[in-house]
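The structure is shown below.

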Amino acid sequence: MEKKNAAMGTIDYPHTVGPVPEGKEVVLSVRNLAISFATDDGFVKAVRGVAFDLYKGETLCIVGESGSGKSVTSKTIMGILAGNAHIDSGSVTYEGEDLTKIAEDEFHRIRGTKIGMIFQDPLSSLNPIAKIGKQITEVMITNGNKVKKVYDNLINAELIKYKNDLRLLQIAKEEYKFIKKNKSSTPEQIAEAEAHYEAEKARLTPLIAEDKAALAAKKVEAKAKVKEFVGEIKARHKAKLNDLFAKAKEDPEAKKNLLANYISERRRYVSELKVTHKEAKRRALKIMAEVGIPHPEQRFNQYPFEFSGGMRQRIVIAIALTADPDILICDEPTTALDVTIQAQILELINRLKVARNMSVMFITHDLGVVANMADRVVVMYAGKIVEYGTAMDVFYTPAHPYTWALLSSIPDVDSKEKLEAIPGTPPNMLFPPEGDAFALRSKYAMGIDFKEEPKMYQISDTHYASTWLLDERAPEATMPKIVSTRIENSLRKAGMKDGE
Amino acid sequence: MANNVTYRPELVEEGTILSVENLKQYFGSGSFVTKAVDNVSFKIKEGECFGIVGESGCGKTTTGRSIINLYQITGGSIFYKGTRVSAGTREIEEEIKAAKKAKDTEKVAQLREELRARKYDNAHKDQDLTTEIQMIFQDPVDSLDPRMTVADIIQEGLHIQGMYDKASNSAKVADILEKVGLIPEYASRYPHEFSGGQRQRIGIARALIMNPKLLICDEPISALDVSIRAQVLNLLNEVKEEMGLTMIFIAHDLSVVKYFCDRIAVMYFGRLVELASSDELFAHPMHPYTRALLSAIPKPDPISEKNRVRKVYNPSSAHDYSESKPSFREIAPGHFVLCNDPEEEAYKKEMAEIDAKRGEANE
């Protein structure tokens with residue numbers, strides 16, 4: 001579904017991602033995503049046409065400096081964009097559904113449970129005045145009402161259909177308002193948008209009424225079923241209690257244990273209705289042990305300030321894991337940590353990824369971390385993907401000048417050459433530059449870089465880059481010497497390893 | 001010297017610009033004492049770049065701040081150009097108390113004399129000398145007052161030194177802004193108008209306007225973006241060469257320290273555990289903590305990253321200090337390690353083995 005929005009300027013973003021290699025299963029695919037933020041000064045175009053696939057069981061790293069749109073992309077996937085954000089175009093497909101179009105009620109079933117997220121600063125993402133145990137078990141207990149779950153599952157299909165139709169109407173309305181408010185839209189555009197909105201309204205209103213009726217009917221039906229379900233449990237409980245009392249009357253031995261038996265039966269009954277604190281704690285302790293927190297029993301009752309930075313990040317990971325997600329989005333989880341602790345957390349994420357067969361989306365600006373974690377790498381600059389490929393592709397045969405610049409600007413342990421700093425600062429996204437956004441800071445820039453945006457050039461089956469240097473008409477350009485020597489060195493080292 | 005501040009000419013003769021002796025910085029009192037820096041000693045030669053690395057909370061920043069006298073130090077002395085610029089008194093006071101309890105009058109008198117000297121040195125500090133030590137702080141956002149213009153921020157140090165001539169001050173500000181790669185017109189702007197890299201440049205300008213000889217950089221690039229880091233590193237390198245600065249570079253990123261520094265000190269829980277020239281430290285890391293730290297550096301190289309074996313440092317299982325206490329010893333020329341007798345032997349042997357192996361590999 002392509003939305004044309006002339007008021008926003010060009011929207012025809014390139015979006016090649018290449019074919020899915022054999023044996024890989026796509027769990028999440030982002031296509032042609034463009035997001036802008038409405039500010040007093042105008043629209044900040046944070047993401048301008050991003051497309052990638054996330055495969056099952058892999059780690060995809062998104063690299064870029066601050067303001068390159070990497071966090072905004074991940075927030076779109078989670079559906080937690082700020083209020084002034086506007087999705088100009090594109091889709092995020094997960095389990096056959098477009099996450100940018102579904103209703104909030106449906107997102108509740110995905111966010112946190114199927115897609116988990118870990119944030120950058122472990123101190124500010126924990127509640128300072130709640131015990132760790134409470135924070136880990138909170139989700140399980142809130143979602144732990146088993147009777148309500150039965151009811152929710154019964155009415156789920158109808159509810160979501162109703163809410164999604166409502167949402168579609170809302171999107172159409174917002175879009176119309178958005179164009180109406182935009183000072184640069186022409187009267188024709190406004191008229192067109194209004195016509196579109198009216199058409200949508202005419203189409204959707206009867207549908208919504210239908211959905212509403214269906215939902216109401218289903219609700220009545222579901223309530224009866226739930227009553228039956230609860231009645232069964234209650235009857236079973238009552239029968240058991242009666243049985244206990246009857247036995248106690250006859251047998252003095254049983255009379256002695258009556259209280260204990262009564263309590264245990266009562267507990268069993270409650271745990272059939274909801275997740276008890278005890279069960280939640282048992283599960284929480286298991287997960288705490290899994291993420292490597294020593295003495296979980298003791299730690300369960302402590303406050304966040306009693307933990308070190310690394311331990312706090314483990315707690316955050318534990319909270320994300322309680323729901324057993326398919327996809328884990330890590331937004332710079334180690335930036336606030338020390339090297340040694342960082343290495344531990346990276347190992348932990350890698351271990352959990354394999355053990356739970358999760359897909360991990362890892363956002364960072366540290367290329368060393370990327371080399372450690374990534375199966376595939378996406379390099380972003382000024383809201384666009386400039387290069388992507390497997391870790392081997394991007395690190396050993398980088399093709400985009402920005403990737404070269406990134407690689408040459410970090411000091412290397414083995415050499416003391418003068419660093420090649422990237423001159424200037426990232427562009428102001430209120431006025432995104434025409435053509436190749438990196439051209440202004442690149443010494444490889446050609447005339448065309450300032451006029452026309454390069455398309456994604458395919459380098460190998462898995463490797464793509466968006467730079468005019470790969471065009472057949474472009475002059476020969478080689479990467480900076482500092483990068484090529486480093487690559488040579490590391491490949492030689494690896495070769496020696498193979499030889500042994 | 002006009003006054004009677006402790007002066008050690010031998011330090012100047014051997015070219016030492018800064019000498020830190022048994023520096024102790026404790027926080028808290030009574031039974032809640034945190035030994036942030038515990039008995040740290042090192043000497044910095046003129047013109048050299050000295051790196052301090054360690055994990056957060058190991059006391060590297062506290063060391064830097066103690067040197068510049070942001071804290072009243074607990075014990076030890078700091079000599080700058082042979083003159084004592086800071087001396088710890090609390091430790092001596094505690095000792096006097098202990099000696100009084102033991103009724104050791106002779107020692108009490110001796111300690112009192114020492115205390116008097118230290119207090120005298122602290123009170124008669126040479127301001128001109130101490131302004132030659134300047135510091136660059138970690139967070140360029142927090143370290144600049146949002147309500148002062150760039151010019152005010154930069155010339156505040158001059159005001160403190162009693163230089164109020166507006167014309168010459170603004171000329172100096174313009175000069176220094178140009179030196180750090182900013183335009184003199186920026187002087188009238190406020191910090192919020194600048195990006196992170198530019199703010200850090202303002203922080204550097206503020207330190208440089210005092211014409212320092214010794215610059216303490218406390219993680220100057222860790223709060224910056226990747227593409228900006230190299231710019232700031234190159235700038236620091238340039239001013240270092242141009243002004244002939246001596247630098248103390250505090251960081252937790254070993255690859256940056258290795259790139260920038262001549263000698264590196266590794267700190268762990270308030271103590272120095274290893275000190276060597278940067279090449280030597282990377283060639284022969286001896287202390288297990290140094291090794292753990294080195295094995296944790298992420299490199300932009302997928303093959304070596306995926307095969308990396310991270311070493312874990314556990315102080316209680318790595319050392320057996322039940323019999324003999326460790327001390328800071330020189331196991332090779334210029335290479336110091338915190339160790340005891342058996343460990344010293346083992347380290348020396350290991351070092352020889354590594355050299356032999358490397359020699360074979362080269363042949």
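## A nonpolar patch on chain A

Helix α7 of chain A, which spans residues 258-273, is the element that gives the most to the nonpolar patch, supplying three residues. The model is a predicted one, and in it the patch lies on the surface and is formed by A:F245, A:L259, A:Y262 and A:I263, which together have about 370 Å² of accessible area. Of these residues, A:Y262 is found in helix α7 of chain A.

## The interface of chain B and chain A

The two chains meet through 37 residues of chain B, which are in contact with 44 residues of chain A. The size of an interface is often given as the accessible area lost when the parts come together. Between them, chain B and chain A bury about 3600 Å², and 58% of this area is on carbon and sulfur atoms. On the side of chain B, the residues that lose the most area to chain A are B:V226, B:Y259 and B:P300, which together account for 18% of what that side buries.

As for polar interactions, six residue pairs are in polar contact between chain B and chain A, counting pairs with both residues at pLDDT 80 or more. Several helices of chain B, namely α9 (226-243), α10 (254-260), α11 (278-283), α12 (288-295) and α13 (302-306), each supply at least two residues of the side that touches chain A. The largest share of that side comes from α9(B), with nine residues. By residue class, the side of chain B that touches chain A divides into 16 nonpolar, ten polar and eleven charged residues.

## Salt bridges between and within chains

Across the interface of chain B and chain A, one salt bridge is found, and the side chains of B:R310 and A:E347 meet in a salt bridge with an N to O distance of 2.7 Å.

Over all chains, a search of the whole structure finds 41 salt bridges. Within chain A, A:R441 forms a salt bridge with A:E65, and their closest N and O atoms are 3.5 Å apart. This pair links distant parts of the chain, 376 residues apart: A:R441 is in the loop between α14 (401-408) and β11 (457-458) of chain A, whereas A:E65 is in the loop between β3 (59-63) and α1 (70-78) of chain A.

Note on methods: Residues are numbered from 1 along each chain as its sequence is written. Chains are lettered from A and ligands numbered from 1 in the order in which they are written. This is a predicted model: local features need pLDDT of at least 70, side-chain atom pairs count only at pLDDT 80 or more; totals for chains, interfaces and linings use all residues. Side-chain values use heavy atoms; hydrogens and water are left out. Contact means heavy atoms within 4.5 Å. Buried area is the accessible area (1.4 Å probe) that two parts lose on being put together, summed over both. A salt bridge is a side-chain nitrogen of Lys or Arg within 4 Å of a carboxyl oxygen of Asp or Glu. A polar contact is a pair of N or O atoms within 3.5 Å; within protein, one must be able to donate a hydrogen and the other to accept it, and residues adjacent in sequence count only if both atoms are side-chain atoms. Helices (H or I, at least four residues) and strands (E, at least two) are DSSP runs, numbered from the N terminus. Ala, Val, Leu, Ile, Met, Phe, Trp, Tyr, Cys and Pro count as nonpolar, Asp, Glu, Lys and Arg as charged, and the others, Gly among them, as polar. Patches are made of residues with over 30% relative accessible area and no salt bridge: like charges are joined within 9 Å, nonpolar side chains (Val, Leu, Ile, Met, Phe, Trp, Tyr) within 5 Å. Accessible areas come from the Shrake-Rupley method with a 1.4 Å probe; for residues, only the protein chains shown count as cover.
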